[in-house]
Amino acid sequence: MGVSLKDVAQRAGVSIKTVSNVVNNYQHVTPKMRAKVQQAIDELGYRPNLTARHLRKGRTGIIALAVPEFGNPYFAELAGEVVDAAARHDYTVLVDHTGGLREKELLVSQGFRSHVIDGLILSPIHLETEDLMARTETAPLVLLGEREYEAPYDHIAIDNVAASREAVRHLIDHGHRRIAFLGSRTGRERQPAHLRLRGWREELAAAGIGADESLVVVTDGYGREDGASGMAALLDRGERPDAVFAYNDLIAIGAMRTLSERGLRIPEDVAVVGFDNIEESLYGATTLTTVAPDKEAIARLAVDSLVERLSGDPVSEPRRPRPGYRLVVRESTVPRTAAEPAAGP
């Protein structure tokens, strides 16, 4: 038979209520009492019955995370952070894959699997504000990603325009003037690629450099192959830049492959900056300078927002916090001796 709250209470010499308060991390327990109860928990090997706890609240103890692309390491790394953040609230995460398909995003957002999850964290690509406004599912929803919505849901996203401007400013500060943008997309202006392209244009203008639209390369997707083919297309039409700002790290890595194959040195001939700070950016022959969104903060804010909504506490307005980011300077833009050490993403 397993160890119970009563067993812990007897070992610690306190009431069962006190043990429950410690287990549920209520704040009004004194540090001395908390330490005493925790010692008894450790000695007896007590493990709370999380399933029973959630069922008593009418919940399953499972939240879902729906992302557009498992093949993109950014989403894999973000999912790991969400799992860790959810565990701190005793929640399990069900990870779903939408493939960036509108019909799948609609299905997920409208309550598919609502019988097994308590709430949803969704990173959409194609959903519009109208889709979210038409949502009838009552389970809490938190949005991730850089698309902008006028919908009554919490939305966690970094400032893409400001982050992109910082990346371009870094290139300008190192003497670059023909800076290409690799990874543009057609479509609505508030999609992430357009926000990052806007940052590229704004920072060039601020530096008194005309934005050369011939250096903007539209790609079919966001992967390594798209970066390699986009870079090749740019070079083949005689538009050699002296620097590249890529929509994400995968595009940047593909572009660097093409540059190397064409005999161009990085960063001496062409400097490259990516976006996302995926682990792979550390391990190429030339490490990649990149914008590093605070993935831990994104995950923590998303999970905390969802849990707060699940708690039933009244929250009048949707929240749109801006997690931080930083530019990680590596060998693709500066000499090896000046780059940050490859200590981890």
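Reader: Where does the model come from?
Author: This is a predicted model: local features need pLDDT of at least 70, side-chain atom pairs count only at pLDDT 80 or more, and totals for chains, interfaces and linings use all residues. Residues are numbered from 1 along each chain as its sequence is written, and side-chain values use heavy atoms, leaving out hydrogens and water.

Reader: How many helices and strands are there in the protein chain?
Author: Twelve helices and eleven strands. Both are DSSP runs, numbered from the N terminus: helices are H or I with at least four residues, strands are E with at least two.

Reader: What share of the residues is buried?
Author: Of 345 residues, 50% count as buried. Buried means under 20% relative accessible area, with a 1.4 Å probe and protein chains only.

Reader: Let's take helix α11. What is the distance between its end C-alpha atoms?
Author: They are 18 Å apart. Helix α11 has 13 residues, 249-261, and should span 18 Å at 1.5 Å a residue, so the two agree. The expected span is 1.5 Å times one less than the number of residues.

Reader: Why is α11 called largely enclosed?
Author: Because ten of its 13 residues are buried. Among them are Asp 249, Leu 250, Met 256 and Leu 259.

Reader: What covers the buried residues of α11?
Author: The cover includes helices α5 (73-87) and α10 (224-236), plus strands β6, β8, β9 and β10.

Reader: What happens at the start of α11?
Author: A side-chain oxygen of Asn 248 comes within 3.2 Å of the backbone nitrogen of Leu 250.

Reader: And what follows α11?
Author: Gly 263, with a positive phi near 80 degrees.

Reader: New topic: sheets. What is the strand order in the open sheet of five strands?
Author: The order is β2-β1-β3-β4-β5, with parallel pairing. Two strands pair if DSSP finds at least two bridges between them.

Reader: Which are the edge strands?
Author: β2 (92-97) and β5 (154-156), each pairing on one side only.

Reader: How many bridges join β3 and β4?
Author: Three, in the parallel sense. Leu 120 stands opposite Leu 141 in β4.

Technical notes: Contact means heavy atoms within 4.5 Å. A polar contact is a pair of N or O atoms within 3.5 Å; within protein, one must be able to donate a hydrogen and the other to accept it, and residues adjacent in sequence count only if both atoms are side-chain atoms.
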